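This briefing goes through a structure topic by topic, beginning with the terms it relies on. Please keep the sequence and the coordinates at hand while reading.

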Amino acid sequence: MPLTDPARDLLDRGHTTIPLSTADLKALAELRTQAARFFTQDEETKLRHGSDDFNFGYRPYGRQYSVSPDRPDMNSSFTYWADDPAKVPGHEDDSVAPFLKALGMYWQVAADAADQVLAGLAGHYGYRDDLHFRASSYLEVNWYLRDAERDLLQDRHEDGHLFTLATSDGPGLEIETGRELKQATVGDGRLLVMPGSVLTAMTAGQVPPLYHQVRNHHLEQRITVLYLVNPPLGQLVAPYVAEDGRAVDVAALARTSGAMFGLPPAPVLTPPKA
Ligand SMILES: [Fe+2]
């Protein structure tokens, strides 16, 4: 269990961290190993494991941006929704199956961490609803490309989810605290909890989004593992804080927030395996 109250930390500092156990870190290490194996395959092989709408599996460089379409994020991605490997084209092929297995193992780690954050928020706000996030959330592994020119591999942006649980294998992530963007100091063996714009809407602005960017340190390899936590996408979701009695449709916001980064609407999926 965390030593600090994640909800209190989010309200006071705008972000927080969650510690991982030794077993959790083993699952993360295995995921990074399998990610490196997947992403170092040829482009044709990787493209066989991406859906046409770029929602599931491999997404090549150039499809996602942080501010402007002419400055794509300097990474390709792999997206694993709802702990369901079958959503990924060709999921039984040797070229992707070990990676999907590692994603499934790490999913349990990330979902447990998300439970801790949501339990803290529910306690703080006296929230009664159970925010079923597992069918509407996804893991995203970003494989960064080397670039000699750009200072930033991702431009400053906020994420369009409740929150993101982020971990990287190297420096580069900068977060905005006060008015400055500074290198994130997360600590070994911890996940950074970055609130997104959906949490801002759910809290009537009490938890602002954590703006962030990725600086280019010209690393040989950089892998980021993100767990992007959404509220249920296909139903009305009660906010933590009702603003002047107005109901904010946070599910609709979560479904469509990827558009500002060039992404398609989030899929509304049936709940995953128990
Ligand atoms: Fe982001």
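A residue is called buried if 20 or more other C-beta atoms lie within 10 Å of its own, exposed if 12 or fewer do, and partly exposed in between, with the C-beta atoms placed from the backbone. Helices (H or I, at least four residues) and strands (E, at least two) are DSSP runs, numbered from the N terminus. The model is predicted, local features need pLDDT of at least 70, side-chain atom pairs count only at pLDDT 80 or more, and totals for chains, interfaces and linings use all residues. Residues are numbered from 1 along each chain as its sequence is written.

**Helix α1**

- In helix α1, which spans residues 6-13, Pro6, Ala7 and Leu10 are buried.
- These residues lie on the same side of α1 because they cover an arc of only 105° around the axis, the arc being that of the directions from the helix axis to the C-beta atoms.
- Asp12 and Arg13, on the other side of α1, are exposed.
- An α-helix has 3.6 residues a turn, so residues three or four places apart point the same way.
- The buried residues of α1 pack against β1 (16-19), α4 (97-125) and β9 (190-195), where two residues are in contact if their C-beta atoms, placed from the backbone, lie within 7 Å.
- α1 lies across β1 and β9 and runs at about 155° to β1; axes are lines fitted to C-alpha atoms, for helices over the stretch in contact, and angles run from 0 to 180 degrees between N-to-C directions.
- Gly14 follows α1 and has a positive phi, near 85°.

**Helices α2 and α4**

- The axes of α2 (residues 22-39) and α4 come within 9 Å and cross at roughly 150°.
- This angle makes α2 roughly antiparallel to α4, given that angles under 35 degrees count as roughly parallel, over 145 as roughly antiparallel, 65 to 115 as roughly perpendicular and the rest as oblique.
- The contact involves residues of α2 including Ala27, Leu28, Leu31 and Phe38, and residues of α4 including Phe99, Leu103, Tyr106 and Val109.
- The crossing of α2 and α4 is left-handed, a term used if the near helix is turned anticlockwise from the far one by less than a right angle, whereas clockwise makes a crossing right-handed.

**The sheet of seven strands**

- Seven strands form an open sheet in the order β1-β9-β6-β11-β4-β3-β2, with antiparallel pairing; two strands pair if DSSP finds at least two bridges between them.
- The edge strands of this sheet are β1 and β2, each of which pairs on one side only.
- From one strand to the next, the twist averages 25°.
- Strand β11 (residues 223-229) is mostly covered, with seven of its seven residues buried.
- β4 (residues 138-144) runs antiparallel to β11 and is joined to it by six bridges, with Val225 of β11 as the bridge partner of Val141.
- β6 (residues 163-168) and β11 also pair in the antiparallel sense over six bridges, and Leu226 of β11 is the bridge partner of Ala166.
- Three bridges join β2 to the antiparallel strand β3 (residues 75-81), where Ser77 of β3 is the bridge partner of Arg59.

**The sheet of four strands**

- A further open sheet has four strands in the order β5-β10-β7-β8, and the pairing is antiparallel.
- Its edge strands are β5 (152-157) and β8 (180-183), each pairing on one side only.
- Neighbouring strands of this sheet are turned by 30° against each other on average, direction ignored.
- β7 (residues 173-177) pairs with β10 (residues 212-215) in the antiparallel sense over three bridges, and Gln213 of β10 is the bridge partner of Glu174.
- β5 and β10 run antiparallel and are joined by three bridges, with His157 opposite His212.

**Gly50**

- Gly50 lies in the loop between α3 (43-47) and β2 (57-59).
- Gly50 is buried because 22 other C-beta atoms lie within 10 Å.
- Not counting residues up to four places away in sequence, Gly50 touches Gly57, Tyr58, Arg59 and Pro89.
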